[in-house]
Amino acid sequence: MELTGAEIVVRALADEGVEHVFGYPGGSVLYIYDEIFKQDRFKHILVRHEQAAVHAADAYSRVSNRVGVALVTSGPGVTNAVTGIATAYMDSIPMVVLTGQVPTSAIGQDAFQEADTVGITRPCVKHNFLVKDVKDLADVIRKAFYIARTGRPGPVLVDIPKDITIARGKYTPPTGEIKMRSYSPVVKGHQGQIKKAVQLLLQAERPMIYTGGGVILSDAAPELTKLVQMLDMPCTNTLMGLGAFPADDRRFVGMPGMHGTYEANMAMQHCDVLVAIGARFDDRVIGNPKHFAQNARKIVHIDIDPSSISKRVKVDVPIVGDVKDVLVDFLAQVEASLKETRRNPEQIAGWWKQIGAWRERECLKYTSSNDVIKPQFVIEKLCEITRGEAFVTSDVGQHQMWAAQYYRFNKPRRWVNSGGLGTMGVGLPYAMGVQMMHPDADIAVITGEGSIQMNIQELSTCQQYHLSPKILCLNNRYLGMVRQWQQIDYGSRYAESYMDSLPDFVKLVEAYGHVGMRIESPRDVEGALREAFTTHKKRLVFLDIITDRTENVWPMVKAGKGLTEMLLGSEDL
């Protein structure tokens, strides 16, 4: 059948099974919006800023394993969206971003609202397309979805000139699987390499499993859990991997890295066989690579992306493949090998005894108070009241680290945060994307008075679509993580980190039609949280929680230091 380009866009999205599109209209995409208005196969969510559209699509994907979709106009619409695209790219989130462009005849002429979208976004997308012929449009959109969700996932951008949206071309519904000669990611792991890895692991005296976001993206949490429990090994999940292995299992030693637990970091450094699964030895995880390499250990690295293997740390057994596929084969070989190979229970018991000694340091213990609200206490109460079942989104800063440390994530895809790029302002639009996927779930936004103001206009979107996240603003009147670094590394010179002239958040959220609460005493925290999640379950509630402005995140590995060079508290300064 012959359709306009705009009709092709809408039909192609519907045929991909898209149910929600997050976007903001503008001149170059109005023909597309006109066709969206005429259809009922998917719903469009009108945000108040293009950055929020991409963040919401990003979170929608994170909690659903679907490809998120955002639609923005040319020029400033695209440039506003770049932060969201880069955020998704750093965390390997599958997403398709459709952008308007000036007519093909005007490209390169400095036309009104023209921007070199392909050039601007090239460093922060998995791939991008500029459609120059309506005959290619449907095929390009299908390829975009395929590229976004296969291999190492990531955002793919499709730039569509306005004249392409009114040109006419034939549309054929998709049939069969897409094949691209130049793109064929490896899925199955090499059996010989898997065998080597299994032999190393079964011979280990001090084994360690280190996992990242790749386990969650591959939906491999069940296989990971089975492997860890079968071999009774310690397991650590990175910031992006929290929930891949249940936090309440005794084998979980906490998060590793800059603000990880003492026991996780010490085990990472002193193990003799380290199996890295869907993780990339990020600088915030291992600290200084030279320090990390001081201890001899054998390293197995499982990852879908070959370029991530031996990028920062030399590994002994590389296995390229989809994490879930590799772990299925890995488990089969472990089960077969255990029938012939007996592990040394005394050595494993000794390893657990050492880990127990490290745990006795109680590195996450903090000083409670009856006078000022401790942010850690708020997160603990949130976890208790929601029974650890909430979807938790966070902005970036101290509050993000406290959420990661003190909320016990026992399931994957419940923790949504910006790990790689560290983008302030993501928390509220992330919650919007989560609720579009899980309309009846408990959703908590952990934020600070600095981060929340970066996309606070999305309170309007929440009002329009009756979204009801609970926003916990841990308000310490500082850009908290900046203040902490200034205290430790810059002689307590708090240059521009004090948040003066803050709004009355309660009045502000009430002006948007929501419920506002101000909590200033520790004894009121639990009651306010219970009221928010029960009495006001169907309303957006903003809890302005006035917290201890001097509290820091501990433990801490300073930049350039090694995993065992942790600061465990202010007494180490």
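This is a predicted model: local features need pLDDT of at least 70, side-chain atom pairs count only at pLDDT 80 or more; totals for chains, interfaces and linings use all residues.
Hi everyone. A residue is called buried when its relative accessible area is under 20%. Keep that cut-off in mind, because Cys124, with a relative accessible area of 9%, is buried by it.

The model has an open sheet of five strands, in the order 10-9-11-12-13, and the pairing is parallel. Strand 10, residues 235–237, and strand 13 stand at the edges with a single partner strand each, so one side of each has no neighbour in the sheet. On average, neighbouring strands here are turned by 15° against each other, direction ignored.

If you want to find your way around this sheet, here are a few landmarks. Strand 9 and strand 10 pair in parallel over three bridges, and Thr211 stands opposite Asn237 in strand 10. Strand 13 has two faces: Val317 and Ile319 make up the covered one, while Pro318 and Val320 are on the uncovered one. Helix 11, residues 262–270, lies across strands 9, 10 and 11, and runs at about 115° to strand 9.

Now please look at helix 8, residues 191–203. This helix has 13 residues and reaches 18 Å from its first C-alpha to its last, close to the 18 Å expected at 1.5 Å a residue. Which residues of helix 8 are buried? They are Gln193, Ile194, Ala197, Val198, Leu201 and Leu202. These residues cover an arc of only 165° around the axis, so they sit on the same side of helix 8. As for what covers the buried residues of helix 8, the list includes strand 9, strand 11, strand 12 and strand 13, together with helix 10 (221–231) and helix 14 (323–338).

There is also an open sheet of six strands, ordered 15-14-16-17-19-18, and its pairing is parallel. Its edge strands are strand 15 and strand 18 (515–519), each of which pairs on one side only. Strand 17 and strand 19 are joined by six bridges in the parallel sense, and Leu474 is opposite Ile545 in strand 19. Helix 22, residues 525–533, packs on this sheet and touches strands 16, 17, 18 and 19, with its direction at about 170° to that of strand 18. Helix 18, residues 427–437, lies across strands 14, 15, 16 and 17, and runs at about 150° to strand 14.

Last, some backbone details to look at on screen. Most residues other than glycine have a negative phi, and most peptide bonds are trans. Glu362 has a positive phi, near 45°, and is in the loop between helix 15 (345–359) and helix 16. Arg387 also has a positive phi, near 55°. Where does Arg387 lie? Its place is the loop between helix 16 and strand 14, and at 61% relative accessibility Arg387 counts as exposed. Then there is the peptide bond from Trp554 to Pro555, which is cis, with omega near -5°. Pro555 comes in the segment after strand 19 (541–546).

That is my tour, and I am happy to go back to any part of the model with you.

Conventions
Residues are numbered from 1 along each chain as its sequence is written. Side-chain values use heavy atoms; hydrogens and water are left out. Buried means under 20% relative accessible area, exposed over 50%, partly exposed in between (1.4 Å probe, protein chains only). Helices (H or I, at least four residues) and strands (E, at least two) are DSSP runs, numbered from the N terminus. The expected span of a helix is 1.5 Å times one less than its number of residues. The arc is that of the directions from the helix axis to the C-beta atoms. Contact means heavy atoms within 4.5 Å. Two strands pair if DSSP finds at least two bridges between them. Axes are lines fitted to C-alpha atoms, for helices over the stretch in contact, and angles run from 0 to 180 degrees between N-to-C directions.
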